[in-house]
Amino acid sequence: MPTQQLKSPAAAPAGVRAKPTRVRWTILAILFIVTTINYADRATISIAGPELKKLLDLSAVEMGYVFSAFGWSYVLAQLPGGWLLDRFGSKITYFFSIFLWSLFTLLMGGVGFLAGGSAVAALFCLRLLVGAAEAPSFPGNSRIASAWFPTAERGRAAAIFNSAQYFATVLFAPLMGWLVHSFGWQSVFYVMGALGIGMSVVWLYTIHGPRQHPRVNAAELAYMEAGGALIDIEGGPRLADKIATWPSIRQLLGSRMLLGVYIGQYCITTLTYFFLTWFPVYLVQERQMTILKAGFVAALPAVAGFLGGILGGVISDRMIKSGASLSAARKTPIVAGMLLAMSMIICNYVEQDWLVIAVMSLAFFGKGIGALGWAVVSDTSPKQAAGLSGSLFNTFGNTAAITTPIAIGYILDATGSFAGALVFVGANALVAILCYLFVVGDIRRFEFRQD
């Protein structure tokens with residue numbers, strides 16, 4: 001394949017003040033669409049969960065382990081995924097990620113042809129494969145955002161692609177609930193898997209590094225670079241070749257700032273995985289809704305989370321443009337959002353379904369506002385290891401994909417109620433607040449020590 005000619009901001013004709021193109025927002029739109037499909041594929045198991053639970057005669061604890069399967073491999077594959085991103089670039093690594101997770105999702109529809117323990121084992125193994133394949137996705141988002149967006153726009157960019165997790169529920173939870181109701185649980189996996197495979201082809205033809213994109217002009221490149229975008233980390237020299245992986249990881253983990261961010265993300269992601277795994281079951285089991293109604297009702301808190309996610313990024317970036325420090329601009333929405341997220345505990349004390357959904361909507365609106373972790377990663381990752389740093393962050397965060405479904409499964413098994421589960425999730429929001437207030441300190445780009 002011929003090497004593409006790198007563009008330079010100096011390539012514009014002398015004396016011509018070209019208007020900057022806005023290609024970076026097209027790139028962000030693609031990230032948003034891919035991440036929407038990503039989260040919809042993660043949620044397929046929760047929508048199909050009540051039917052699978054009955055079909056396979058699973059206990060709450062067993063269902064918790066099935067829900068957690070994704071998390072085990074997703075976490076273990078994070079560092080290899082980050083290494084692949086830094087070594088081979090986001091475009092090709094992310095393409096294989098999308099294609100493979102979609103293929104494994106599609107194959108999950110075939111579990112119904114098996115019986116008993118074989119069906120459970122196949123379901124668990126395919127979820128493991130989906131998790132491993134998705135590992136480079138969010139570090140890839142962060143890496144691409146670092147390349148394409150200046151600091152003053154990065155909070156909004158990260159908030160937009162991160163808010164896709166809520167939009168996925170808004171768009172696909174009703175659709176998947178209808179598919180299960182009308183065509184059986186297998187149809188969810190077939191439809192979502194095929195959609196993802198199609199999107200992987202679109203990705204291959206639309207994503208490029210800033211200097212390689214055919215539609216970006218020199219004025220936009222200059223604007224991005226002047227504002228702090230790392231425009232050469234995609235398609236340029238492989239900076240990962242200049243660092244040693246394990247010593248770099250030790251330095252990243254030795255940073256109090258980064259460690260506070262990582263632990264905070266674990267707590268915030270606990271809220272995410274309650275919503276992705278047990279929330280539909282909560283509506284069906286605790287609130288006695290049908291799976292069709294639960295699919296539509298689950299979309300309402302997701303709408304609130306989506307709006308909160310966009311608002312959090314806008315607030316953060318406007319604070320920066322108004323002269324606030326980077327630390328204040330990132331921490332303020334996170335702390336305020338987590339305070340609102342803790343309101344979900346109120347659901348233990350109300351009976352009316354409409355009030356439960358209203359409180360859950362408020363909680364996920366807050367969770368959306370506070371979901372600025374990926375903006376913080378883009379702000380703090382060393383330029384030589386943006387993929388590795390994002391993967392380490394995601395390793396900590398998505399350990400919650402393992403612990404949350406299992407912990408809630410045990411709480412349900414012991415108490416027969418979701419009351420303790422909501423307290424558990426709300427307590428994690430409180431710990432996230434404490435991390436950002438008392439551990440993280442100043443938010444700044446991390447620099448490796450030269451030993």
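## Asn-162 and its contacts

Leaving out neighbours within four places in sequence, Asn-162 is in contact with Phe-138, Ala-371 and Trp-374, where contact means heavy atoms within 4.5 Å. This is a predicted model, in which local features need pLDDT of at least 70 and side-chain atom pairs count only at pLDDT 80 or more, while totals for chains, interfaces and linings use all residues. Residues are numbered from 1 along each chain as its sequence is written, and side-chain values use heavy atoms, with hydrogens and water left out.

Asn-162 belongs to helix α7 (residues 151-162); helices here are DSSP runs of H or I with at least four residues, strands are runs of E with at least two, and both are numbered from the N terminus. Because its relative accessibility is 7%, Asn-162 counts as buried. The cut-offs, with a 1.4 Å probe and protein chains only, are under 20% relative accessible area for buried, over 50% for exposed, and partly exposed in between. The side chain of Asn-162 also reaches the backbone oxygen of Ala-371 at 3.2 Å.

## The largest cavity

Where is empty space left inside a protein? Rolling a probe the size of a water molecule over the atoms shows this. Searching the whole structure gives five cavities of 30 Å³ or more, and the largest has a volume of about 130 Å³. Of the 18 residues lining the largest cavity, Tyr-39, Asn-162, Gln-265, Thr-269 and Trp-374 are the closest to its centre. A cavity is a set of points, on a 1 Å grid over the protein atoms alone, where a 1.4 Å probe fits but cannot get out, and lining residues have an atom within 4 Å of a point. Grid points are joined across faces, edges and corners, and the volume is the space filled by probe spheres set on the points.

Which helix gives the most to this lining? That is α12, with five residues. Helices α1, α12, α17 and α18 each supply at least two lining residues.

## Thr-272 in helix α12

Thr-272 lies in α12 and, with a relative accessible area of 4%, is buried. Setting aside neighbours within four places in sequence, Thr-272 is in contact with Tyr-39, Gln-165 and Lys-367.

With Lys-367 there is a polar contact between the two side chains, at 2.5 Å for Thr-272. A polar contact is a pair of N or O atoms within 3.5 Å; within protein, one must be able to donate a hydrogen and the other to accept it, and residues adjacent in sequence count only if both atoms are side-chain atoms.

Helix α18 (residues 386-398) has 13 residues and reaches 18 Å from its first C-alpha to its last, close to the 18 Å expected at 1.5 Å a residue. That expected span is 1.5 Å times one less than the number of residues. Most of α18 is covered, with twelve of its 13 residues buried; among them are Leu-388, Leu-392, Phe-393 and Asn-394.

Asn-394 has a relative accessible area of 2%. Not counting residues up to four places away in sequence, Asn-394 touches Tyr-74, Gln-78, Ala-135, Phe-138, Pro-139 and Trp-374. The C-alpha atoms of Asn-394 and Val-376 are separated by 12 Å, and these residues are 18 apart along the chain.

## The buried face of α20

Helix α20 (residues 419-438) has 20 residues and reaches 29 Å from its first C-alpha to its last, close to the 28 Å expected at 1.5 Å a residue. Its buried residues include Leu-422, Val-425, Ala-429, Ile-433 and Tyr-436. Seen down the axis of α20, the buried residues fall within an arc of 165°, so they line one face of the helix. The arc is that of the directions from the helix axis to the C-beta atoms.

The elements covering these buried residues of α20 include α12 (256-286), α15 (326-341), α16 (353-370), α17 (373-380) and α19 (400-415).

Ile-27 is found in helix α1 (residues 23-56) and counts as buried, at 1% relative accessibility. Apart from neighbours within four places in sequence, Ile-27 is in contact with Ile-144, Trp-148, Thr-206, Ile-207, His-208 and His-213.

Tyr-65, in helix α2 (residues 60-76), is partly exposed, with a relative accessible area of 33%. The side chains of Tyr-65 and Tyr-410 are joined by a polar contact of 3.3 Å. Tyr-65 and Thr-403 are 338 residues apart in sequence and 9.4 Å apart in space, C-alpha to C-alpha.

Technical notes
On a 1 Å grid over the protein atoms alone, a cavity is a set of points where a 1.4 Å probe fits but cannot get out, and a pocket is an open set with protein on both sides within 12 Å along at least five of seven lines; lining residues have an atom within 4 Å of a point.
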